[in-house]
Structure formats: structure tokens, C-alpha cells
There are 2 protein chains.
Amino acid sequence: MENVKVAIWGFGAMGSGMAKMLLKKKGVDIVGVCDRNASRVGKSMYEVLGVDRGDRPEVIINPNIEEVLTEGSCDVCLCATDSFTKSAFPRIKYVLEKKINVVSTAEEMAYPQAQSPELAAELDRIAKENGVTVLGTGINPGLMMDLLVVCLTGCMVDVEHIEAKRVNSLSPFGHAVMEEQGVGITVEEFEKGVREGTLAGHVGFAESIGMIADAIGWKVEKFDQQMKPIVTSVDRKSPHGFAAAGNVAGVNMTAQAWVDGEVKIDMIHPQQIEPEMEGTETGDYITIKGTPPINMANKPEVEGGLGTIAMCVNMIPHVINAAPGLKTMLDLPVPRAIMGDMRDLIQR
Amino acid sequence: MENVKVAIWGFGAMGSGMAKMLLKKKGVDIVGVCDRNASRVGKSMYEVLGVDRGDRPEVIINPNIEEVLTEGSCDVCLCATDSFTKSAFPRIKYVLEKKINVVSTAEEMAYPQAQSPELAAELDRIAKENGVTVLGTGINPGLMMDLLVVCLTGCMVDVEHIEAKRVNSLSPFGHAVMEEQGVGITVEEFEKGVREGTLAGHVGFAESIGMIADAIGWKVEKFDQQMKPIVTSVDRKSPHGFAAAGNVAGVNMTAQAWVDGEVKIDMIHPQQIEPEMEGTETGDYITIKGTPPINMANKPEVEGGLGTIAMCVNMIPHVINAAPGLKTMLDLPVPRAIMGDMRDLIQR
């Protein structure tokens, strides 16, 4: 059997991380990379990654997707270019119409039904027409605050209330993330950023809640989310960030979903640099009231970047095997690491 | 749409627990119960359960499966009669040949490929011939020491070693479990019981390990398991058990799987009465070395009885929707609680 053929669209931290992971796996080849960043265009993928090419064919980073993908030229394209369904849509459509499966890192694509039901229906139609599959996934949304919650309800007779909490450190991240999350700015600047929509915070609560509620059969009547500064009482310094005492060390995002007149899902997701300096223990926590109750902790948290990279790559065989259409993590078999030959997982 | 129709074969703690759970769910009816226990035969299912029948049709517990099931008379039969594939096989075959889907509680049926590959292939053939599906599941094997492990590897780039540990209390269980697990006997009696095969211990390590290894692509070269007494240093008393200091409070079962010449999977499963009397904290623990690492704890453990009941009932829609054949938890979408109408989950 031929190796699984993968293209990558978007070669930032996620796309290049997936490439590095794929190069260590058996039975899979990277056949094309599309990226518009001037520092990478025209260079060898191997050079950009700092990985020895060995006897593999050269892959030159190309800014024109038309030159990277032709009809059926690969099995799957990993699209790592967007966070929102609306902006990801035209790119995903382009790939699907080339009869190539898609795995998208766009947070909203983990459950586009939640906020863009018309675009979700359209993607489903296009994918089916072209006999291919599209899936959005990642660490969150995609696993820690939704699929893992759903999976744990599987051993429950009755569910009363769900709390998913992800407490993570921003210290490993670079300057771009520091700016997006407001690390180091004053509380006034933070509040201005929230009003004007310039702070990214976490994208995905609507998607995670939609996924959980639809999975277990709760009808959400009302959804609300909040974005608050995490104000540090001590100076905090990370490799790429600094927050003086009294300023913002990160963002605390929270959301609630009402079912039958009461809050039944709580999402809590504080992200900050150097959380341990004020006694915050990072981790992924799932607390489900019901019969029997669940009280899960994974400490420290699964690192966001690596987790998203792994989820996208590990879902490739499931996406290739799936029936055509738009799929979510709820529809496919559980994710799993790929330690053998990827070809063994493909049902041809 | 008509309600989902369920029959139950075996009305002990598991079968009757599933019935109680089903009676609280919407869109599903119990249409028949088969059980040979003299104390239950001929009685109303509602009377045995202590549940008000309301305006539901009567269900009389019948010892003859031929009178409980006719071809296509229900959507699924929950088979809660056995622990082993070999003993469950003729019953499951009977149900499949009536063109009825099966969910089995038999521990070995969670992954019959592991120890009975011929019977597994035969069940797959029979199920396909009759256009129905058979799944074995439960809390363990089925979720805590296998499917949940697999799911968590989904966010990993690389896996080096897996340890799954389930530390649970036997205190809620009755006399039968005390005897099967050797609670209260002397160390000499325990060792005799191990030699003669009269102590049950835990059934399922081969299945859990087979499931994990096949899912992530590890080839197991060698498998070993041990059964040791948990000797108490204090008198321990539970509602249905008593172990004097120096005697056996439970069973510690362990297993290892070798991959590429080293132990890559460790299973640790001590079960005992009143574990907290000697400082043992019960829980489900999954520790995976690799990138990124996983360090999960669910404390206290998911109660085995309730967990198995919930898993079997919650998988009903997935089993009805699945393509015909023998399926495992690896093949189907993630389990999930059913808080809405079960009919909404059926793809007709």
C-alpha cells in the first residue's frame, strides 16, 4: 500500500509542529506545504524545520495553494490558518472541492454547528458532493473541555452538572500570544481591549458547550461568557512576557450554559504566565455531579501546542476512513496515538 | 418514531440495574426479561425492581429465551449472564440469529480478539450475516483501564510507557463478591484458591492490554499477570465482609505487556474492603510517559457496578447505529450519557 499523503496549509507553530511529528511517523509522507510568510516562502520545508531531509523528496514551501494541491493529489490537507469558521470556510471549501479530506485547527471548526450552522451545513454538503470528510479538532476545543467530558459521562446513569476547568500556563508561549492575551498591560488597557475586541482570549466555549449538550441531549436555553484580567500581586517574568505587580498576568475566561432554567455547564479557563508564583496549580479538571460522580484531574495541563498538533495528526486515519461529510469529534472513534505504521489504520 | 425496544438476559445486579436505569430514560421500553433464578421467575419485573409500573405494559420474568425473543422483536438485547467469551458465545449467537443487536457485559467480550480470536471472527460473521451488531463493554474492561487510556494518548505526539491503575473498594459489594475475591480468608487459603482457580480476581487485563496495544499500534510480545493477596494489618469490617488482621482484605492484580523487549504497559488493580483503614486512597489513575505526558487521577474511583450499568445502557444507540458485525469500544464513537430522548440518537 502507498504511504498516506498529507499536505499542510499554514506553516506557523501548529503547521510546522505537525510536520515535525509526521516526519517521525511511519507510512506517511508530507507532499506539499502552502504558506505565505515571506521568511519561509521558497525555502525547503526541511530547512525551515531544521530536520535532515535524508532521501525524502524535496518539499518547497509554496505561497500558492493552486500549485500545492491538485484534484486528489493527497489524502488529507491539514489546514492551520484560522481560528474562525467564517475565515476558514473558503480555504476548506477549496480543499474539499479538490476531493481531499480536511483536518482544521480552527477552534470554531471543532463544532461549527454552534455558531455558524449555515456554513456547517454548506461544508457538509460540499464534502459529501466530493466524497471527502472535514473535521475540526485540537486540544481545546477538541478534547480537554469537551470530548473528554462527554466520554466520562459515558459511565454515568444520570448527569446533574458539569464543570470543565483548564488552568494553564502561558509561560512557554511567544510574543504574539503575550499580546493576544494582554500579558503585561494595565487593567485599564485590558478593559479597553475587551471593549474593542482586540484581545483574543480563548476561542471555543460556544463550541465545547454545544458539543457536550448535543452529545448528552441537553437543550441549552442561554449561553454567557466572561473575559476578566488576572491581576498579579507580584512581578511575574516568563521567557517572552513580563507583568509587573498590579498589571495583567493573563486572562480568566468563564462561560455558563443554562438548561431547564439553571446553570448546568460551567467552563473555567484561566491562562497566565508563571501561575505557580501565586500558588495556582495548572491542570485539566473535570467535575461532574451525578451518578456516579466524576472528579478528574490531569496535572499539569496537557500543553496546548503539542496537544493540538497531536490531535490533528492522530485523527488523520479516522478522517480518511470516515463517511463523507462534516464530522465532529462526537461522530468518530476515540482519538489515539499512532505508534505503528499509519497505513495499517486505513480501511481501503 | 417508535420507542427503542430493549430485552434483558440475566437479571442479577447488572441486568436489574440496567432495567432501573432504562425505566428513568425517555424513548425506550423494556419489552422482555429472561432469567432463570427461581426467586425471580414468573414475577413482574416491576415487582422485582420495586418500581411502580404505572401505565406501562407488564413484563413477566421468563426463564425461556425462546419465549422472550422472536426474530426482530426488539432493537437490542443486553446480555448480562457471563464473564467469559466462551460461555457467553452460544447465548450471543442465539440473539444475533434472531436479528437483534447485542450489548454484552462479559468482561472478555470487551475485546474477544485478545483471547478467543476464532470465536470473535465467528461472532463477526454471524452478526454480519444477520445485519446486526455485537459489542462488549463495561467500566473495566470498557473504559477506565483501556478506552480512557487510548483517548488520552490521542493528544500525544509520542508514547513511551502506559500505567493504568484502578484502586477500588469492595465494601459496597455483597457476599458473592467477598467469596470470589477471597475477602476474610487466610493467606494459605488464598494461595490454594489461586492454584485451584477458585478465586475470580479481575477478568479483563488481556482484553484491556489488547485494546490499548492494537489501538496505538504496539505489537505485544509477551503478557504476564499476577494475583496476590492484600493482607491487612488491622481488623477490617465492611457491611458484608470481615478480614481479621493477618488475613486477606482483597486481591491485588497486576499485569505487564512487553513491546520491543521492554515492559510498556503496566496494569495495577488492587480491590479490597475498607482500603482507607490502611491509608489507601481509591481512584482511577492513568500515567502515560511520552510527549506531552499524562498524569490523570479520578478520585474516588468510578463505582464498578453503576459504571458498568451506565456504559451498557449508554452504548445502546451507538450499537443500533453501527454497521453490522462485532464491534469494540475502539470502533464506535465515544460513550456518552443519555439525558434526552433515546430515539433522538437513533439514525434510522
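Modeller: A salt bridge here means a side-chain nitrogen of Lys or Arg within 4 Å of a carboxyl oxygen of Asp or Glu. Helices (H or I, at least four residues) and strands (E, at least two) are DSSP runs, numbered from the N terminus. A:Lys299 is partly exposed, at 31% relative accessibility; buried would be under 20% relative accessible area, exposed over 50%, and partly exposed is in between (1.4 Å probe, protein chains only).

Keep in mind that this is a predicted model: local features need pLDDT of at least 70, side-chain atom pairs count only at pLDDT 80 or more, and totals for chains, interfaces and linings use all residues. Residues are numbered from 1 along each chain as its sequence is written, chains are lettered from A and ligands numbered from 1 in written order, and side-chain values use heavy atoms, without hydrogens and water.

Now for some others. A:Glu97 and A:Lys93 meet at 3.4 Å, N to O, and both sit in helix α4 (residues 85-97) of chain A, 4 residues apart, or about one turn. A:Glu97 is partly exposed at 38%, and A:Lys93 is too, at 29%. Over all chains there are 26 salt bridges, yet 0 across the interface of chain B and chain A.
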